[in-house]
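Please find below a colleague's note on the structure shown.

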Number of protein chains: 2
Amino acid sequence: MATASNDVCCAPLGSAALDEDQATELAALLKVLADPARLRLLSMVATATDGEACACDLVEPVGRSQPTVSHHLSLLVEAGLLRREKRGRWAWYSVVPERLDAIRDALAPTGAGARC
Amino acid sequence: MATASNDVCCAPLGSAALDEDQATELAALLKVLADPARLRLLSMVATATDGEACACDLVEPVGRSQPTVSHHLSLLVEAGLLRREKRGRWAWYSVVPERLDAIRDALAPTGAGARC
DNA sequence: CCCACATATCGACGCTTGTCAATGTGACGA
DNA sequence: TCGTCACATTGACAAGCGTCGATATGTGGG
């Protein structure tokens, strides 16, 4: 439920004080990033060749159990930061750069770029 | 203890896969941001006139008790995101823009700017 | 001095979350 | 069809965190 219907865009921190709803939405997105395992998974996918990585290649290097990795990947997908594509019995993940850009813009001191 | 000795700089997500230590450090910093009350406090200080705000003017609009607000402000200061200056019996807070920039750079897809 | 005020600290409470072992669900190959 | 492999889901547990009331600390005014 509530599968990344969010659009954090257009709310730079320095342009206007956030109300409770905006803050809750942005906090929820940042909370997904604020975990070592998920940051590592995201960076591993981001730096993978061809821009995508198979889940089977992520479990061992991240140093967590397979269910834990699957759980983190699901959170990243649900937050719109990763895209999942099943091929046969493997799951391939790729980054959604726009989503990361939206976060960075939300943290901008000024009115952000011409994105909005 | 460990009062913001961090320098998250120079580790863009998309340039190389983060190791456990880098990920833990960046996650700790993001975790401070990933809370509605702290995001609101940060944005209120950022948009305040003269770039600084008195704690007494933050308690009521943020809708939390005074001890809770004080706690969140302390976390933001400890993370290096806010600067605290005591004047008489009041505490004035101002943002540390470089710190926010460092976070945004760490989330950059490429090798970031010429900051490093 | 003593009191009022602004802020910080303490102690406690529920809720959230990261983690794993065990199990479920499909997809391929023999 | 059966077994194996890749991945997701479930259930449970400990640790962390946001919150508040009560209290401590420190500052200025009368």
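1. Sugar or phosphate supplies 69% of the atoms of DNA strand C within 4 Å of the protein, and bases supply the rest. The model is predicted: local features need pLDDT of at least 70, side-chain atom pairs count only at pLDDT 80 or more, and totals for chains, interfaces and linings use all residues. Residues are numbered from 1 along each chain as its sequence is written, chains are lettered from A and ligands numbered from 1 in the order in which they are written, and side-chain values use heavy atoms, with hydrogens and water left out.

2. DNA strand C is surrounded by 22 residues, the closest being R64(A), T68(A), H72(A), S70(B) and R84(B); a residue is near a strand if one of its heavy atoms lies within 4 Å of it. By class, this surface has nine nonpolar, seven polar and six charged residues (nonpolar: Ala, Val, Leu, Ile, Met, Phe, Trp, Tyr, Cys and Pro; charged: Asp, Glu, Lys and Arg; polar: the others, Gly among them). Its largest share, four residues, comes from α4(A) (helices are DSSP runs of H or I with at least four residues, strands runs of E with at least two, numbered from the N terminus).

3. Phosphate oxygens of DNA strand C lie 2.8 Å from a polar side-chain atom of T68(A) and 3.1 Å from a polar backbone atom of C56(B).

4. Around DNA strand D there are 23 residues, and S70(A), R84(A), R38(B), T68(B) and H72(B) are the closest. Sugar and phosphate make up 70% of the atoms of DNA strand D that come within 4 Å of the protein. Polar side-chain atoms of S70(A) and of R38(B) each lie 2.6 Å from a phosphate oxygen of DNA strand D.

5. R38(B) also belongs to α2(B), where A37(B), R38(B), L41(B) and L42(B) meet V69(B), H72(B), L73(B), L75(B) and L76(B) of α4(B) (contact: heavy atoms within 4.5 Å). The residues of this contact divide into seven nonpolar, one polar and one charged. The axes of the two helices are 10 Å apart, at an angle of about 75 degrees (axes are lines fitted to C-alpha atoms over the stretch in contact, and angles run from 0 to 180 degrees between N-to-C directions). α2(B) and α4(B) are therefore roughly perpendicular (65 to 115 degrees).

6. Ten of the eleven residues of α2(B) are buried, so this helix is largely enclosed by the rest of the structure (buried: under 20% relative accessible area, 1.4 Å probe, protein chains only). R38(B) is one of the buried residues.

Technical notes
A polar contact is a pair of N or O atoms within 3.5 Å; within protein, one must be able to donate a hydrogen and the other to accept it, and residues adjacent in sequence count only if both atoms are side-chain atoms. Angles under 35 degrees count as roughly parallel, over 145 as roughly antiparallel, 65 to 115 as roughly perpendicular and the rest as oblique. Buried means under 20% relative accessible area, exposed over 50%, partly exposed in between (1.4 Å probe, protein chains only).
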